[in-house]
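Biologist: I'm new to this one. Can you put it up and walk me through it?

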Amino acid sequence: MKVSVIGCGYLGAVHAAAMAELGHEVVGIDVDENKVAMLASGTAPFFEPGLPEILAAGIGSGRLSFTTDMSAVRGAQIHFVAVGTPQKKGEYAADLTYVDAALEALIPYLSDGDLVAGKSTVPVGTAARLASMIADSGSEAVLAWNPEFLREGFAVQDTISPDRLVYGVPAGDAGERATALLDEVYAVALARDTPLVVTDYATAELVKVSANAFLATKISFINAMAEIAESTGADVTRLADAIGFDARIGRRFLNAGVGFGGGCLPKDIRAFTARAEELGRGESVAFLKEVDAINLRRRQKVVDLVIESFGGEVFGKRVAVLGLAFKPDSDDIRDSPALDVAAKLKGLGADVIATDPEAIANAQRTHPQLAYTHDITAALTGADAVVVVTEWKHFRELIPADIAEIVNRPYVIDGRNCLDPNAWRAAGWEYRGLGRP
C-alpha cells in the first residue's frame, strides 16, 4: 500500500525505510532540505545499524522516496506522523509545536478515508485534540495513535519485527477502518503472531510514556542500590544477578552505572510528570522526579571519583574519556551521560581527550571545547585516568596489560560496569566500578 511518513528524523527515517523494506510504497516528508537530500541519495544522516542497507534497497527499488513537498502525500492511504517532541526549554513539558505544524500542513492533502497514524511520543490527551483538528477541518480522515517502541541500535529490527503493536483508535466504524488499515500495513508482523493491543487514544499514548517511565525507574532503582552498595562494600552487579533471577523482576535494565540518557527516557519521564501535574495528578508520578535525580547523581559520581583519585584537584590532569554516545551502536548524544561527564571534567580544568566510534561529529557540534580523537590508542596515551562511559565493544575488549604500557597512570573508572575488575587489577590497574568493590 502507499504510505507517507511526516518527519524524517531518527524515528521517521527508520520507519519509512522499514515500511519500504516490507514492500510498501513510501514517501518521506521533512522540512530539512539537507536531510531530505541525504536520505534521497541513500545516505543515512545518523548512525543506526542496518539502516543504510534498507535505505539503499528501498530507493533502488523505487518504493522509497523523500521530499520537502507535502503535496507528495496525496494518494497515500496511511500518513504516519513521526516528528520530534522535545522538552520545552526551561520546562518539563513536551513541546508539541512540530506535531501541530505537521498536522496542519498535512490536512489540506487528506482524502476521505485516509488514516493519520501518530507515532510521536506525546502527552496523554494529544490524540483527542488532533482528532478534533482533523474533524474541524471538514476532512473525513481518521486519526489513530500507533506508538513506537524502538531501541537505538536495534531500531530496524524493532520496526520490521516488533515485540508488540499498539493501536489507539476511535470507537465505531472509524476505529474498525483504522484497525483494518493498520493491520494491512503491519501484515508481515501480524502473520508472525506479534501481540496486538487495540485500544483507545489515551491508553495508546500512556503505553509509550509509562513503558519509558518504568524502564527509567528500573535503571534508577539499581543505581540507588549502587549508592547503598558503595556505602556498605556490597557488589551491585551480584545483587542485580540475584534479584534478576526472580521472574517477577528480571535481569534486564538492572545494570548499574552512569545512568540513562538519549532522546526518550529523560524527556519522556519529565513530560509525563508535567502532564500529570496539569491533570491534577502530580502526586501519582512524583516518584519520577527522584528517578530523574538519581540518574543525574550517577553522572556526578563518576566525576567525583576522578576528582577523588587525584586528591581533590583535576586541573591539568589528562583524562581519557571512552564514549560519547548515550549508548553503544548509536551516534546519539542527546542527554548523554558520557558527554556530560566529559564536559564536567573539562569545566574543572582537566585535559580531556574523548573518543567514540560514531558520535564524535555530533559531540563536536555541541561541545567544541573538548579534544577528540578516533584513535583509541591516541586517547589513552599518557592518560592519568581512564573513564569508560559508553559500553562499546571496542572498549569492553581492550587488553588492560597492553594499555598499562601507554598510560601515565593505570587508573580506570568503569562507569558502565562493563569491564572485568579481576583482569584489570591483575594487569596492575586501580579499578573503580559503580556500586562494586
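Biologist: Let's start with Phe-253. Is Phe-253 buried, partly exposed or exposed?

Modeller: One note before that: this is a predicted model. Phe-253 is partly exposed, because its relative accessible area is 31%, between the cut-offs of 20% and 50%.

Biologist: What about the phi of Phe-253?

Modeller: The phi is positive, about 65°, although Phe-253 is not a glycine.

Biologist: And Asp-193, what is its phi?

Modeller: Asp-193 has a positive phi of about 65° and is not a glycine.

Biologist: Which loop holds Asp-193?

Modeller: The loop between helix H8 (187–191) and strand S8 (196–199).

Biologist: Is Asp-193 buried or exposed?

Modeller: Exposed. Its relative accessible area is 67%, and exposed means over 50%.

Biologist: New topic, holes inside. How many cavities of 30 Å³ or more are there?

Modeller: The count comes to three.

Biologist: What volume does the largest cavity have?

Modeller: About 80 Å³.

Biologist: How many residues line the largest cavity, and which lie nearest its centre?

Modeller: The lining has 13 residues. Nearest the centre are Val-122, Pro-123, Val-209, Ala-271 and Phe-272.

Biologist: Which elements give two or more residues to that lining?

Modeller: Helix H9 (201–232) and H11.

Biologist: Where does the largest share of the lining come from?

Modeller: From H11, which gives five residues.

Biologist: How do the lining residues divide into nonpolar, polar and charged?

Modeller: Eight are nonpolar, two are polar and three are charged.

Biologist: Stay with H11. At what angle do H11 and helix H12 pack?

Modeller: At about 155°. The axes of H11 and H12 (residues 287–309) are 9 Å apart. That makes H11 roughly antiparallel to H12, because the angle is over 145 degrees.

Biologist: Left-handed or right-handed crossing for H11 and H12?

Modeller: Left-handed, as H11 passes H12.

Biologist: Now the other end of the numbering. At what angle do helix H1 and helix H3 cross?

Modeller: Roughly 55°. H1 covers residues 10–21 and H3 covers residues 51–61. Their axes come within 9 Å.

Biologist: How far is Leu-55 from Ala-13?

Modeller: Their C-alpha atoms are separated by 8.6 Å. Along the chain, Leu-55 and Ala-13 are 42 residues apart.

Biologist: Last one. Which helix has Thr-126?

Modeller: Helix H5, residues 126–136.

Biologist: Is Thr-126 buried or exposed?

Modeller: Thr-126 counts as buried, because its relative accessibility is 4% and buried means under 20%.

Biologist: And how far apart are Thr-126 and Asp-100?

Modeller: In sequence, 26 residues. In space, Thr-126 and Asp-100 are 9.7 Å apart, C-alpha to C-alpha.

Key. Residues numbered from 1 in each chain as written. Predicted model: local features only at pLDDT ≥ 70, side-chain atom pairs only at ≥ 80, totals over all residues. Heavy atoms only, no water. Helix = DSSP H or I, 4+ residues; strand = E, 2+ residues; numbered from the N terminus. Buried < 20%, exposed > 50% of the residue type's maximum accessible area, 1.4 Å probe, protein only. 1 Å grid on protein atoms, 1.4 Å probe; cavity = no way out; pocket = protein on both sides within 12 Å on 5 of 7 lines; lining within 4 Å. Points joined across faces, edges and corners; volume = space filled by probe spheres on them. Nonpolar A, V, L, I, M, F, W, Y, C, P; charged D, E, K, R; others polar. Axes fitted to C-alpha atoms, helices over the stretch in contact; angles between N-to-C directions. Parallel < 35°, antiparallel > 145°, perpendicular 65-115°, else oblique. Left-handed = near helix turned anticlockwise from the far one by under 90°.
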